[in-house]
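Welcome! Take a look at the model below, and then we will walk through it together.

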Amino acid sequence: MAGFPGVDFIDFDSLLTGDEKLVRQTARAFVDEQVLPIIEKHNREGVFPRHLVPQMGELGFFGASLKGYGCAGMSNVEYGLVTQELERGDSGLRSFVSVQSALVMYPIHAYGSDAQKEKWLPKLQKGEALGCFGLTEPQFGSNPGGMLTRAVRKRDRYILNGEKMWITSGSIADVAVIWAKTEDDVIHGFLVEKGTPGFKAWDVHGKYSLRASVTSGLAMTDCEVPAENLLPKAEGLKGPLGCLTQARYGIGWGAVGAAMACYDTALQYAKTRKQFNNRPIASHQLVQEKLAWMITEISKAQLLAYHVGKLKDAGRVDFSKVSMLKMNNVWMALECARKSRDILGANGIVDDYCIMRHMNNLESVYTYEGTHDIHKLIIGEKITGIPAYM
Amino acid sequence: MKIVVCIKQVPAKDAPLAMAEGGAWIKETDIGFEMNEPDAYALEEALRLKEKHGGEVIAVSMGPERSKQAIKEALAKGADRGIHVADERFYTLDPLGAARSIAAAIRREPGVDLILTGLQSDDQGFGQTGVLLAELLGLPHATIIMQIDVADGRMKLKRELEAGWFQWVELPLPALLSIQSGINKPRYATLKGIMAAKKKEIVSVVRAELGVDEPATQHIERIYVPHKSKKTEMLTGSPKEVAAKLVEKLRREARVL
Ligand SMILES: Cc1cc2nc3c(=O)[nH]c(=O)nc-3n(C[C@H](O)[C@H](O)[C@H](O)COP(=O)(O)OP(=O)(O)OC[C@H]3O[C@@H](n4cnc5c(N)ncnc54)[C@H](O)[C@@H]3O)c2cc1C
C-alpha cells in the first residue's frame, strides 16, 4: 500500500531542506505502517498504544529538539514535522509525545540539576521511563497561578499536598513534574517518582476525546520527596509557562496533520461518492467550496507553523507568536474535521474513517495548553498592552 | 566487508507525471523524487551484512544534483559514505551507459567485496544495470536474491524462481547481487541517524570526467500515457456458464488467477 502522499497545494515542500524531508519521511512511514492500522481499535477500546513507545524512542521522537543525553538535537521545523505526522495519526499519540518531550524532558533539561538530567533524560529519551506534567487542578485550569498544591520544606525533604487533574499519562508515568507553591507562595517544579508514598494516580473514564491517550487525576497526600527533586532553575509561573510554549509549538504543527488527514479523506471520498445523475459529489459547488476552504486554511497554517519554527530556531520567538500558531491551527483543524465530516455524510460518523476521531480529539486540543480564547487574550494583551484575563 | 550499494532516485510513486517537451522524458520540475524502492531492500541487506560481518557500506548514486538526497537517506539509515556520479542529463543514458559510468566510479574504490543493486528501477524498469555492471567489472553475479549467507569468503545464496520455487547457489567473493524486493523490511532513518549523516562524506565525481562517454546504443523515442479505453463485455448464459466463462477470462486474459 502506498503511504500518505502529503497535502501540499502551494509547493510548501520547496521550503524544506533534504534533512527536513527525511525526518518527515520517517515519521510519515511510522504513522502509515505502525499507527494507522491499529489506532481505531485503540481509540474504540480507550487504550493507549503503549507498544509503540520503544520504537518511537529508538526513532528519536522523544525530546527530538533537545541537545545531549541521547536526544537527536533536531531543529524546530524538523521537530514540528514529526508532530505533524504523529497527529495525522492521532492527537492522543501526539499528546503523549508532546508531554514526554516538551512538558517532561524540556523542564528537566532547562530547569533541572545535572544529577536530575543524568538520571532521567536518557531513560525518557529511549522511552524506558515515561513522564507526566501536573499543572492543572480541579479548581484551576486557565488560571494555574491560583493553584492550591503546596510544598512545605521539612529538613532535607519537601512535603507535597494537593490534587492535579486532567493529567496526560498520569497513571503510566514513572516520573511526574508537579508544580506546587512553596511557603513563600512561589511556584516550583518537583520530580515525583511513581510509587512515592502519598502519591496516587487514577484514570479519567468516559472520555469521548483523546481515547488513545491516558488522562489521569493525581493526588498528593503528605507526599514526601527529597529536596534535591526540586527543579533548581524554575521559579514562578514562568517555569511551567516556558514548558507550555514548547508544547504549544508542537501542537501548532500537529493540528496541521490532523487537518490533512481529514481533508485528504474528504477529498478522496468526494471524488468517488456519486449522487444525482451519477455525478461525484465533488462536482457540486457547495462541496468544492468546503474543499477549497480547507486546502487554503491548511496552506496558511503550514506557512504559519514554518515561520514560527524558523523564528524559534533563530531564538526570536516569544510566547505570543506561539499562541497565535496554536490558536489558529487547532481552530482550523477542528473546522476542517467538521467540514470533512459533513462531506462524508453518514459515513462521516463511523470509525471506518478517521474524521470523527480527529474531530473529537481536536475538542481536547482546542481546550488544553491554553484554551482557544485564552490565546486570544494573550495576543490581545500583546497588542494592546492591557491584560484582560480578569 | 566493503559493500557498495547502487541506489537510484526515481519520481515519487504518487507524483503527477507530465511529459517534457520532445516527449522523450517527463517534466522533472514540480514533482517529488524518492529512493527507488527495490534499492531500499538492497541497502537494508547491505546494512545487515555490515552489522553481522563488520566493514563499511558505500552508497553510490548517479543522477543530477537532486539524487544526492537518495545518498543522504542511505547515510541516515547507516551507510558510511557516499559517491555521487553527477550527470544532469543522465536520463538520456541507456542501461549500458549507466552501467559503464557506475563501473568506472566503482573501479576507483579498491577492495570492494560485494556490490548490491535492486532488481530494477521503478521508473524505467530495465532491470539490467546490475547484470551489466557485473559483466563490466568482471564479477560473478546472481539475481533475484532472497537470502545471503556469507562464510569463509564465499556466499550461499537463495534465489527466487517462478511459482514458489527457490534455488540455492554458491558464489565466491567479490561478486555482484541483484536483490529481490521483499527480502527484508527496510528500516526507518532514525532522527539521530539523520543528524549523524550530516557529518558523513559524499564524494561527487562528474560523469563526463570518467572517460566513458560513448554514444548510447539505445534511446527513448517517446513516452506517453496509454489511452484508457473502456470495453464492457456482457457474459451470457446460465449462472454456471457465466461463472465458467468469467474464470476463463480471468485466467487467460486478465491473468490474475
Ligand atoms: C485530554 C486533556 C489532557 C490534558 N492534559 C493535561 C496535562 O497533561 N497537564 C496539565 O497540567 N493539564 C492538562 N489538561 C488540562 C488543560 O490544560 C485545561 O483543561 C485547560 O487549561 C483549561 O482549563 P479548564 O478545563 O479548567 O477550563 P476553564 O479554565 O474552566 O475554562 C472554561 C472556559 O472558560 C473560558 N475562560 C476561562 N478563563 C477565561 C477568561 N479570563 N476570559 C475568557 N474566557 C475564559 C475558557 O476559554 C473556556 O472556554 C488536559 C486537558 C484535557 C482535556
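A polar contact is a pair of N or O atoms within 3.5 Å; within protein, one must be able to donate a hydrogen and the other to accept it, and residues adjacent in sequence count only if both atoms are side-chain atoms. This is a predicted model, where local features need pLDDT of at least 70 and side-chain atom pairs count only at pLDDT 80 or more, while totals for chains, interfaces and linings use all residues. Residues are numbered from 1 along each chain as its sequence is written, chains are lettered from A and ligands numbered from 1 in the order in which they are written, and side-chain values use heavy atoms, leaving out hydrogens and water.

**The ligand**

- A polar backbone atom of A:Tyr389 lies 2.6 Å from a nitrogen atom of the ligand.
- Another nitrogen-based pairing involves A:Thr136, with an N or O atom of its side chain 2.7 Å from a nitrogen atom of the ligand.
- For A:Thr371, a polar side-chain atom is 2.6 Å from an oxygen atom of the ligand.

**Where the chains meet**

- Chain A brings 25 residues to the contact and chain B brings 14, with contact meaning heavy atoms within 4.5 Å.
- Three salt bridges cross the interface of chain B and chain A (a side-chain nitrogen of Lys or Arg within 4 Å of a carboxyl oxygen of Asp or Glu).
- One salt bridge joins the side chains of B:Lys198 and A:Asp19, at 2.7 Å from N to O.
- Nine residue pairs, both at pLDDT 80 or more, are in polar contact between chain B and chain A.
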